[in-house]
Amino acid sequence: MAFDWFKRKAQNITTSTDEKKDVPKGLWHQTPSGKVVEHDELKRNNYVSPEDGFHVRIGSAEFFDILFDEGKFTELDANVESIDMLNFKDTKSYTDRLKEVKAKTKLTDSIRNAVGTVNGTEMVVSCMDFAFIGGSLGSVMGEKIRRAIDYCIEKKLPYMIICQSGGARMQEATYSLMQLAKVQAKLAQLSEAGLLYIAYLCDPTFGGITASFAMTADIIMAEPKALIGFAGPRVIRETIGRDLPEGFQTSEFLQEKGFVDFIVKRTEIKDKVSQTVNLLASKA
């Protein structure tokens with residue numbers, strides 16, 4: 001007995017691409033503890049999981065939206081870009097690597113400068129983007145921080161750097177390392193001008209940045225459970241030949257040792273920064 005309704009009348013699937021109903025990407029986010037959070041809910045909570053408090057890594061665009069009133073700001077020095085000054089090549093040329101990461105991230109380098117108001121208080125914020133070659137420190141980052149500090153001195157504004165980096169950019173060799181001294185010299189001028197410098201350390205903050213300007217701020221804040229250090233734990237363990245304490249290199253561990261002043265949740269960072277600026281400005 002034949003069942004015509006069961007027979008395939010056409011070979012293959014004929015549904016057009018426009019008619020297909022794909023599930024939108026990024027609709028859900030899963031934290032390391034296994035908690036699943038809807039993306040819109042995560043965004044409303046400043047990208048902090050309401051289930052377990054996990055701070056999802058974000059970039060400058062998200063941080064500026066969180067900090068500045070109504071998300072409004074003016075970007076400074078947006079046209080400063082990295083170049084391959086040494087014709088460096090590892091697995092690929094530095095020129096090709098820059099082209100790829102610029103196209104992928106729509107950024108010109110691993111840090112952005114912005115000026116705006118934070119709860120009504122005008123200030124300058126430089127925020128690193130880990131998505132751009134691991135937020136690495138190169139000549140452009142050093143130059144953009146230098147320009148941001150000069151702007152603060154000229155306008156008499158407080159300054160904040162949001163740190164999230166793997167350290168110096170190897171493709172720029174000594175040019176990268178020179179930025180450490182350059183930034184510290186400019187921060188000394190900021191201090192001489194009587195202006196506040198706040199550092200907010202996110203996961204991860206490592207390498208020369210930790211050994212330099214991330215840890216020399218007037219006020220050092222850090223996200224909960226952020227990994228902060230110079231060398232990685234494996235290198236340290238092998239060097240000293242001992243097991244490391246529990247929680248080693250977390251922001252909480254560093255606060256106990258006196259390296260971090262405050263652990264500040266991202267949901268509270270805007271109020272904490274504006275309170276700190278206004279309090280210390282009134283004492284100046």
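This is a predicted model: local features need pLDDT of at least 70, side-chain atom pairs count only at pLDDT 80 or more; totals for chains, interfaces and linings use all residues.
Let's start with the strands. The order across the sheet is β3-β4-β5-β6-β7-β8-β9, which makes 7 strands in an open arrangement with mixed pairing. Since the sheet is open, it has two edge strands: β3 (74–76) and β9 (262–263) each have a single partner strand, so one side of each has no neighbour in the sheet. As background, strands in a sheet pair through backbone hydrogen bonds, in either a parallel or an antiparallel way.

One pairing is worth a look up close. Strand β4 (residues 111–118) and strand β5 (residues 121–128) run antiparallel and are joined by 8 bridges. Within that pair, R112 sits opposite C127 of β5.

**Helices α4 and α5**

Helix α4 (residues 139–155) lies across β3, β4, β5 and β6 (159–165), and makes an angle of about 25 degrees with β4. Its other partner to look at here is helix α5 (residues 173–192): the two pack at about 5 degrees, with 9 Å between their axes. That angle is under 35 degrees, so α4 and α5 count as roughly parallel to each other.

Which residues of α4 meet α5? On the α4 side they are S139, G142, E143, I145, R146, I149, D150, C152 and I153, and they meet Q179, K182, V183, K186, L187, Q189 and L190 of α5. Sorted by class, this contact holds 7 nonpolar, 4 polar and 5 charged residues.

Searching the whole structure turns up 1 cavity of 30 Å³ or more. Its lining consists of H55, R57, I58, F63, Q164, C202, D203, E223 and R266. The largest pocket has 16 lining residues, and those closest to its centre are G53, F54, H55, P224 and K225.

| Space | Property | Value |
|---|---|---|
| Largest cavity | Volume | about 30 Å³ |
| Largest cavity | Lining by class | 3 nonpolar, 2 polar and 4 charged residues |
| Largest pocket | Volume | about 270 Å³ |
| Largest pocket | Lining by class | 6 nonpolar, 4 polar and 6 charged residues |

Two spots in the backbone deserve a mention. P204 itself belongs to strand β7 (residues 197–205).

The other spot is K156, whose phi is positive at about 60 degrees even though K156 is not a glycine. Where is K156 placed? K156 is found in the loop between α4 and β6, and both α4 and β6 have already come up, as α4 lies across β6 along with β3, β4 and β5.

Technical notes. Residues are numbered from 1 along each chain as its sequence is written. Side-chain values use heavy atoms; hydrogens and water are left out. Two strands pair if DSSP finds at least two bridges between them. Helices (H or I, at least four residues) and strands (E, at least two) are DSSP runs, numbered from the N terminus. Contact means heavy atoms within 4.5 Å. Axes are lines fitted to C-alpha atoms, for helices over the stretch in contact, and angles run from 0 to 180 degrees between N-to-C directions. On a 1 Å grid over the protein atoms alone, a cavity is a set of points where a 1.4 Å probe fits but cannot get out, and a pocket is an open set with protein on both sides within 12 Å along at least five of seven lines; lining residues have an atom within 4 Å of a point. Grid points are joined across faces, edges and corners, and a volume is the space filled by probe spheres set on the points. Ala, Val, Leu, Ile, Met, Phe, Trp, Tyr, Cys and Pro count as nonpolar, Asp, Glu, Lys and Arg as charged, and the others, Gly among them, as polar. Angles under 35 degrees count as roughly parallel, over 145 as roughly antiparallel, 65 to 115 as roughly perpendicular and the rest as oblique.
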